[in-house]
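Subject: Structure for your review

Dear colleague,

Please find below the structure that I am handing over to you. I would be grateful if you could read the notes that follow alongside it.

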Amino acid sequence: MFTMPIHKSRQDDRDYRIIQLDNGLQAMLIHDAKADKAAASLDISVGHLYDPDDMPGLAHFCEHLLFMGTEQFPRENEYSEFLAKNNGSSNAFTGTSNTNYYFTVDTNALPGALARFAAFFHCPLFSPSCTSRELNAVDSEHKKNHQSDMWRIFQLNKHLSKPGHPWSKFGSGNRDSLSKMDADGGSVGRETRRRLVEWWSQNYCAGRMRLCIIGKESLDDLSKMTTGLFSPILNRGQDPLPMINDHPFGSSEVGTLVSVQTIMNFHAVEVSFPLSWQPRQWRYQPGNFVSHFLGHEGPGSLHSYLKNKGWITALSAGPQNLGRGFAMIKVTLNLTKTGFENYRNAMLAIFKYLSMMRDSEFPAWYQREMSIIKATRFRFQEKRRPDDYAVWVSEHLSWPVPRELVLSAPQLVWEWDEQVPAGGGEREMRDVLESLRVDRGRVVLMAKGAEHERLRGKGNWEQEPWYGTQYRVETLDEAFVQEAQGPNNIPELFLPGPNEFIPTNLDVQKVPVDQPLKRPILVRETPLTSLWHKKDDQFWIPKAHVLMDLRSPEANASARASVMTRLFSDLVNDSLTEFAYDADLAGLTYQFTAQTLGVSVVLSGYNDKLHVLARDVISRVKDLQIKADRLEVMKDQAKRDYENFYMGQPFRLADYYGRHLLTEKQWILAEKLAEVSSITAEELEAHVKHVLSKLHIRMLVVGNMFKDDAVRLAEMTENILHPVPLKASEVVETALIPPDGSNHVWTTVVPNVNEPNSALSYYTHLGSFLEPRLRVTSALMTQIMAEPAFNVLRTREQLGYIVSCSQMISVGESNLGLRIVVQSERGPMYLEERVEAFLDEMKEKLEEMADAEFKEQQTGLERRWREAAKNLGEETNRYWGHIDSGYLDFLRREHDASLVKTITRQDVISLFLSRVHPSSRTRAKFSIQLHSQKPRPKKVSLAAMEAFESILLERGVVIDGQKWREDLMVEGEPFLTQCSAYWADILMKQEPNVSGETKQELLVALQTLVERYPAQADDAGKLKDAVRLIEDPKAFKAALRRAGPPGPLVKWDDLTLAKF
């Protein structure tokens, strides 16, 4: 046991202890007396860089399989079912050098959850049936990412490593990379499982594991629990923290320009340089210091220069630990169309800024400022979700810092030691700067293929093997290199000055209370503004959150108006960049966004100078000077955003279309796209004045501010904007309600022709969200259904990686429904058939559910609703939902938590049968079916194989009927490509008895049989006769009933009660 006290935030009321078990496993145990959720995370120091060279994706595959049953708890969904009943959830991720497993659960259920969790690491089953099925899940996950530029460019950068470097590995894996046959050509699944068990047995070593557990139990009890449950994990004598100290950039990989064709429509350039592994330099963090200047957005910055040139919409810079032992520092420019045409000059500006930095003096106050900002953030650190915190702790337990600093060192930075000449931190920074030169970096230029060829002409493109990304690599030309190596000659570039937004008053106005208030108070109401306020009475930090809704019916009056409101918000943000950047660095942020009902302003952070930021933001909203050149930039960005949305994940599109059908006034993106190009500065200026001329304002202030401070903010906002007041009822969102006894389908295609996945969004309307008993019964029903839906549709049937079952709340929070979403390579009609088969199965489950299990579900939901807010932001968001909707039902969670105990199993069954199950004559159901345009690889049915066997026997080919069934059919219907390869190999071995011509004839015959005897896996499904197609969405919406107008459900009479 580590006995020194752990250095923690002064705000942190938790107790900490680090222990090491006899098997080498290290654990951070955290006692939180106030916890209403427990959590655990186990981090193991191997990730996909440690995959076997011939089996990429094995670490990720192992992560999937560990969830699928253990010797102690053999049922596949035992772990997820236990968590679901106890207000819990879980997940895992495979990184480059680590794999992390985590969960959260009700505090009382921590021992049971830990027992199931710990068994992953000492007695997993890796059952053969699961191994085969999870190959499909991993393959589906890869196909989900296949059209994502983020994944494609990430893998391309890995692919272009120096030969043999582990960074080049394909981390996520797919069926091809993981499918291994026995030495005798036998079953794929058997050999894959054997390799998996072999790899797990070598690499899942207790000495490589770092565990974090958070619970209400005492540290002694947590220690005993940890020792008892995790000691059975074997220490296999492996290196606890395997390092890769070699960098993937060799001499051939630097000084190059890589052009990449993207799927989405955007332009960007990224410059990357090798960097030493940053955790070793935790004290002074030189990579972060240099990135602070490269990524700065104030006057004199690289961002300011490039933006004023009209070349960028955004810039980011920062170090990135790629793997344990090596890192990268990157500068990324999001280019405008003009910026792409001037990409060489934009790139050159990066090197000129670096040259300016190398030639500059850096007074110690720069590092001192960063130290103060981080120390203040650490001092007033708030709690967060326990599983998030457990993951953070378990990952950072591997950092090379003194154990007492394991929490603080990653979050603080030390001031330079000015007594050490050319050292004490500045030397580390100078070393980093010296390494950031053009001949040591790599440039990646990103755009669609047509854009590359428009700018630079046609060229020869290569193809990355796993994603098929088109790219070409060339050496940076000598003229560019010479210019990039020269001194800075751009006078607009200079270092930033002191940050005036660093808070100086961090006093917390603590007003003692017996119990925290459960809601905000209405402290001011005028014809224009409703102001709600709650003085912080539980977190005691010098921060506040301010939310303002500026509502106008003109903001979304038409598709054109909606686009102009978005452009308005984009231009306001664009104009505030230089001013607001220092505030953001100092912990004071703002957001100004367009929304359906107008625009919103959100300010959060240290309250010391919040009023300064608020005044400038509101003033800019009122007095924005619209510049034609920046408007063109924002129009181009909006156009690309709208177009790119259609190229995204099909399940997101399906969900978008579903919400569109249930919202009275929502313009689809195609309508907005038609408007963007023709909007002028003069028209936008008139629109903004029109929107701001008449408003209804809703405000909420929560935190370290008294009522008078909040009132002054409201008065300032009113005085700056000075609009004509609107009634709240003049600006509302209205939901649409599908009729009972209806069954509709809206079917369309996935726009991206290369996207292999289709999607289904299946919705049944349940009723009014305002009726308490229905609301609570539906929440309980949805919770009971969510885990089985995932288990049946994803784990058992392997339909696809994306499966969810959840409540769907309408706009305005007036109505609710049940939504099941599936993304799959199977067709959406088939997916709908499987969803309805699942609903049949769910009917039996509900009818047969034991009282004890139903009680567990009730208790889990009750505890979820009684969870306390973990921080000021979470508390603020809870209140805002009720103010935003206008229902002001602030105590809903508490009331619903009490009401759920009165809901019976029969209540849930009745709701399910009347509103969800397909047999109901009263349910209101519609679905969105998105069909992939990409042909799906064919599979082979048993009938086709048996017919092919007969042909082979007729031709005199010697075959083993039992063996081919075991090799090809034991794991389900194989792909045609797999079968063709198998039989081609068999026929080749029988030469010369089987000629090459005969072999080709037989393989053609196999393809013919596949068409004659279709595989079950190729069943596209069909619509039921009772289904009505939605052929005109506008007409469909026009026929739906409108939800009633919102209004307060509770009358609070606050104005006479406000005290602060």
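This is a predicted model: local features need pLDDT of at least 70, side-chain atom pairs count only at pLDDT 80 or more; totals for chains, interfaces and linings use all residues.

Helix α16

Helix α16 spans residues 449-456, and its buried residues are Gly449, Glu451 and His452. These residues lie on the same side of α16, because the arc they cover around the axis is only 165°. The elements against which the buried residues of α16 pack are β7 (256-261), β8 (267-276), α11 (337-341) and β11 (442-447). Just after α16, Gly457 adopts a positive phi of about 80°.

Helices α31 and α32

The axes of α31 (residues 942-954) and α32 (residues 961-969) come within 12 Å and cross at roughly 150°. An angle over 145 degrees counts as roughly antiparallel, and α31 and α32 are therefore roughly antiparallel to each other. The crossing of α31 past α32 is right-handed. On α31, the contact involves Leu942, Met945, Glu946 and Glu949, while α32 contributes Gly961, Trp964, Arg965, Leu968 and Met969. Of the residues in this contact, 5 are nonpolar, 1 is polar and 3 are charged.

Helices α25 and α29

For α25 (residues 772-796) and α29 (residues 892-899), the axes come within 10 Å and cross at roughly 70°, which makes α25 roughly perpendicular to α29. Pro772, Arg773, Arg775 and Val776 of α25 meet Arg892, Asp896 and Leu899 of α29. This contact has 3 nonpolar and 4 charged residues, with no polar ones.

Yours sincerely

Key:
Residues are numbered from 1 along each chain as its sequence is written. Side-chain values use heavy atoms; hydrogens and water are left out. Buried means under 20% relative accessible area, exposed over 50%, partly exposed in between (1.4 Å probe, protein chains only). Helices (H or I, at least four residues) and strands (E, at least two) are DSSP runs, numbered from the N terminus. The arc is that of the directions from the helix axis to the C-beta atoms. Contact means heavy atoms within 4.5 Å. Axes are lines fitted to C-alpha atoms, for helices over the stretch in contact, and angles run from 0 to 180 degrees between N-to-C directions. Angles under 35 degrees count as roughly parallel, over 145 as roughly antiparallel, 65 to 115 as roughly perpendicular and the rest as oblique. A crossing is left-handed if the near helix is turned anticlockwise from the far one by less than a right angle, and right-handed if clockwise. Ala, Val, Leu, Ile, Met, Phe, Trp, Tyr, Cys and Pro count as nonpolar, Asp, Glu, Lys and Arg as charged, and the others, Gly among them, as polar.
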